[in-house]
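Hello,

Here is the structure we talked about. Please load it, then read the notes below alongside it.

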Amino acid sequence: MGNFLRFRKPADTTDPMEALVLKERLRMLNKINGNISTGGSIDGPRRLGDRKKTHRVGEIVLDSDHTLSCLVTDFSDTGMRLLITEAGEAPDEFRLRVPTLQFDRSVTVMWRTEDALGISYA
């Protein structure tokens, strides 16, 4: 073995918070290593187009009488990230209107969080 310093704590004095931090660091390292070996980035698979940052107001059209407001935070040739600014659930497919981008078409949800959606229109 090489001349590496090894630091060990006795098993009975391990801090639970430190163990959680170390576990999360290991999870992130495994994620990074897995993505690098598959050609992806830290954030996931590489996108087909470059993202452009923006802050444009849009509408998720649920039907002729109901819409949800959203904010487009970035977009590319194949998709957008939307922040949901109103209470309500967006379906997996819907019509999106963003007048300032001259955008009005059907889109598909690729991922979602509590307050954001990643949509594809390619």
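A word on terms first: contact here means heavy atoms within 4.5 Å. Please also keep in mind that this is a predicted model.

By that contact criterion, S120 touches T78, G79, V107, T108 and M110, leaving aside residues up to four places away in sequence. I come back to S120 below. First, the overall layout.

**Fold**

The chain has one helix and six strands. Along the sequence the order is α-β-β-β-β-β-β. The six strands form a closed barrel that runs β1-β2-β3-β6-β5-β4, with antiparallel pairing. From one strand to the next, the twist averages 45°.

Some totals for the chain:

- Of the 122 residues, 26% are buried.
- Take the contacts with a separation of 6 or more: residues 24 or more positions apart account for 36% of them.

**Strand pairs**

Start with β1, residues 52-63. Strand β1 pairs with β2 in the antiparallel sense, over nine bridges. The two strands form a hairpin, with two residues between them. Strand β1 also runs antiparallel to β4, and three bridges join that pair.

On one side, V61 stands opposite T67 in β2. In β4, the bridge partner of V61 is R95.

Now β6, residues 116-120. Four bridges join β6 to β5, and the two run antiparallel. Across this pair, R112 stands opposite L117 in β6.

**S120**

Back to S120, which sits in strand β6. Is S120 buried or exposed? Its relative accessible area is 19%. The cut-off for buried is under 20%, so S120 counts as buried.

One of its contacts is T108. The C-alpha atoms of S120 and T108 are separated by 5.3 Å, although the two residues are 12 apart along the chain. T78 is another contact of S120. A polar atom of the S120 side chain lies 3.5 Å from the backbone oxygen of T78.

**S76**

The side chain of S76 reaches the backbone nitrogen of T78 at 3.1 Å. With a relative accessible area of 4%, S76 is buried.

**Q102**

Another loop residue to look at is Q102. Where is Q102 found? Q102 is in the loop between β4 (93-98) and β5 (103-112). Its relative accessible area is 77%. The cut-off for exposed is over 50%, so Q102 counts as exposed. Q102 has a positive phi of about 50°, although Q102 is not a glycine.

To view these points in order, begin with the barrel order β1-β2-β3-β6-β5-β4. Then go to V61, with T67 opposite in β2.

Best wishes

Terms used:
Residues are numbered from 1 along each chain as its sequence is written. This is a predicted model: local features need pLDDT of at least 70, side-chain atom pairs count only at pLDDT 80 or more; totals for chains, interfaces and linings use all residues. Side-chain values use heavy atoms; hydrogens and water are left out. Buried means under 20% relative accessible area, exposed over 50%, partly exposed in between (1.4 Å probe, protein chains only). A polar contact is a pair of N or O atoms within 3.5 Å; within protein, one must be able to donate a hydrogen and the other to accept it, and residues adjacent in sequence count only if both atoms are side-chain atoms. Two strands pair if DSSP finds at least two bridges between them. Axes are lines fitted to C-alpha atoms, for helices over the stretch in contact, and angles run from 0 to 180 degrees between N-to-C directions.
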